[in-house]
Structures are given as C-alpha cells and as structure tokens.
Amino acid sequence: MVLRFSLFLMLLCSSAVSLAAEKIVLVTLDGLRWQELFTGIDGSLLNSGEFTKSADALRKDYWDDTPERRAPKLMPFMHGTVFKQGAFVGDLRHGSCAEVSNRKNFSYPGYSEILTGVVDHSIDSNDKVPNANKSFIELLRDSSNEDRFTSAAAFTSWDVFPSILNVERSGLYVNAFGPLDVIASENEQRIQSFYFDTPQPWTNVRNDVFTHRYALEYLEREQPDVLFISYGETDDFAHDGKYHEYIWAANRTDRFIGEIWATLQRLDAYRDNTTLFITTDHGRGQLPLESWQHHSPTAPEHAEQDSLIRYAQGIAGEEAVWMAAIGPDINARGEILTPNGCLTSNRIAATLLHTLGIDFRSLNPNMGAPLREFLR
C-alpha cells in the first residue's frame, strides 16, 4: 500500500511538472478583424473594385462558398494547429465574445491593456508618452521572488512600443520599427541589408517580415523567458483601404506564427513548456462596407479626418477582438463560448502569469483576473 501510494505521488508530481509552462511568447496582429480570422475573406470586399485589386488571384487562393472552408485557406496554422490543440474565443456568430475594456478602441490603450492587465483611461492618444503602468514583463523582472524570469525582449513593427513598454523605466530590450542597433550574426547582417534595401510603406510601421526575422534570430540565440512580437501590417493596409494587401498580410502573418511555433518545438528550452498566446489590440468596422478601414474615429489623431465625421459616435464592432492560445497549461477545448459575458483583454496578462505558476495579485492586484476558460 505504501509503495502504491508513493507511485501515485510520483505520477501526480510528474504530471504537474509536465503541465507547468516556463516560457511565454505573446503575439499580436494589429487590428485584424474577427471576421477574417473565423470566416475568411469577405466576399463583399473581395468583389469591391474600390478596395480590392488582384481579385482573381485572391479568389483562387482564399475563396470558398462556406466560411468553414474559407477561413482555413486564409489562416491555416491558426485553424489547423492552434484552434485544434488549444483554445480560442471571439467568433461572434457562435456566441463566443471577446472585447477590449478600455472603450477607446485604438492601439496604445489596447496594447497597454493587454500588456499591463489594467485599463488606464488617461491614455487617450497614440502619442509617444511613457506608460505609467508596468507591463507584466516588467513586473516579472522587478519581482524579487521571481528571479528566474530575467530574460525578456520585444520586437514590434510599430514605433510607439518603446513608450508603451516604457523602456527608460523598465530597461526592456525593445526593437521597434528601425534596424538593429547591434549585429550579432551573419544572418542578422543579411536581414539588416535587406531592411535598408527595402522601401518602407509607412513612416512609423515597418514591414512585418523584418520584425519577424529579427525576432526569430533573437529567439534562437538568446532564448528569452518572455518574448513579445507585434505585427502591424494588417492595421495599416486596412487604413490605406487596400483589402488585398490586408488579406495577404493576414495570411503571411499566419505563416510567421507557424514558424514561431515550429521553432519553439525544435528548441529544447521551449518544447512542451511554452505558452503561445495570440490576440489583437482592437476591432474595426463591418457595416457600412467602407467602415472595415476604420476604428475609433473619436481618437484625437482621427478627429479631423473628414472621412470619419460620419462615425463620430463610434463604429459598430470596433471593440470586438479575439484571443487564441496553445501550450501545456492551456485547455485544449477549442472554441470558448461566453454565455455569461465577453472575455476581456485586460485579463490576458494575469492569464500568462498563471501559466508560469504566479498569482497576479502578488505583482499587481489591479490586473484583470485570469481567463480561467483558457486554463487547464
């Protein structure tokens, strides 16, 4: 009997260890609508000469008569791996609801909410103002009780993230928008050369491929405990009214995320002990058709745009987001239904801390509580 009980305890402990995440990779796709993620390419926008070029090519690659077959054509990794092996929320067709809590529905407050777990109503623009709130990454590094979580980095396409993560206070390594400051490998030198030889479409958001390649190189070499990667093309191509580019960016980013996951499974330091959490910072419009370009017309930087005057009271659906996760502590339940109300972005930080075995209240009790629906 004693031997049998000892074996039971060993198995119990072994199981607990195998389910404990030690690393976190957080990925965001700026302003990607839940509609494209869960239903694929939008037929009305596909057939719109105003917003879509190369419609025949898009139709060939991504169109099907049913949303259930369209969506995996557009984002095959999310549907084929993350949704099947992990959990997700945000498909409003099924009563699966996720939204931001800040009600401003644009990027700085959205990312601050995701990263800090708190809603700061004083954040009312995308200006480069140092964030007064500490991200969960900074809190981890500051905590004397969590000495093992000392290595962290962020790679982002948008140049406001050094302020959102308050690098002057936090000391976090954040590579945002520009080239690398220090070249550590021949491969990084090649990527850097391509960076300088490639036209940049925007003045404050770089091509996501460079964010991705820089991040992968860092991941393999430095193997940080926490890695944050933020892709930006989906939002900016949408604002530009280029639905074809928006669709190609969504498909490309899905491939990038698949490459991240493959790398995590290949590296001993990450295999079977890493939480991958994927989300977006805000939604955008659906009807009328042209509102797909927009979100938060009440933001100060949007207030003077004539094209947004008709949306002065807001755009229906811009608060709607989505979340997906995979990892040893994530319940592989697939779709999460939300009959008791929407899950919110201010709970992501505490959820990630929970996968590390850390009670968010020990770091910041003002965070939103963990998303238990995602957890084992």
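A residue counts as buried when its relative accessible area is under 20%. Keep that cut-off in mind as we tour this structure, which is a predicted model.

**Aspartate 159**

Is aspartate 159 buried or exposed? Its relative accessibility is 16%, so aspartate 159 counts as buried. You can find this residue in the loop between strand S4 (152-156) and helix H9 (161-164). Who are its partners? If we set aside neighbours within four places in sequence, aspartate 159 is in contact with Lys128, Ala176, Phe177 and Asn204. With lysine 128, the link is a polar contact between the two side chains, at 2.9 Å.

**Asparagine 47**

Now look at another loop residue. Asparagine 47 sits in the loop between helix H3 (43-46) and helix H4 (55-62). Asparagine 47 counts as exposed because its relative accessibility is 55%, and the cut-off for exposed is over 50%. Which residue does the side chain of asparagine 47 join through a polar contact of 2.6 Å? The partner is the side chain of arginine 59. Along the chain, asparagine 47 and arginine 59 are 12 residues apart, and their C-alpha atoms are separated by 9.3 Å.

**Aromatic rings**

How many aromatic pairs does the structure hold? There are 19 aromatic pairs, and two of them are set out here.

| Pair | Distance between ring centres | Angle between planes | Arrangement |
|---|---|---|---|
| Phenylalanine 38 and phenylalanine 83 | 5.7 Å | 20° | stacked |
| Tyrosine 243 and tryptophan 292 | 5.1 Å | 85° | edge-to-face |

The labels follow from the angles: planes under 30 degrees apart count as stacked, and those over 60 as edge-to-face.

Where do these rings sit in the chain? Phenylalanine 38 belongs to helix H2 (residues 34-39) and phenylalanine 83 to helix H6 (residues 76-85), so this pair ties together parts 45 residues apart in sequence.

Tyrosine 243 and tryptophan 292 are both buried. They also share one aromatic cluster with Phe51 and Tyr246.

**A charge over a ring**

One last stop involves a ring and a lysine. Which residue lies over the face of tyrosine 270? That residue is lysine 23, at 5.4 Å from the ring centre.

Technical notes:
Residues are numbered from 1 along each chain as its sequence is written. This is a predicted model: local features need pLDDT of at least 70, side-chain atom pairs count only at pLDDT 80 or more; totals for chains, interfaces and linings use all residues. Side-chain values use heavy atoms; hydrogens and water are left out. Helices (H or I, at least four residues) and strands (E, at least two) are DSSP runs, numbered from the N terminus. Buried means under 20% relative accessible area, exposed over 50%, partly exposed in between (1.4 Å probe, protein chains only). A polar contact is a pair of N or O atoms within 3.5 Å; within protein, one must be able to donate a hydrogen and the other to accept it, and residues adjacent in sequence count only if both atoms are side-chain atoms. Contact means heavy atoms within 4.5 Å. Rings of Phe, Tyr and Trp (its six-membered ring) pair if their centres lie within 6.5 Å; planes under 30 degrees apart count as stacked, over 60 as edge-to-face and the rest as tilted. A charge sits over a ring if NZ of Lys or CZ of Arg is within 6 Å of the ring centre and within 35 degrees of the ring normal.
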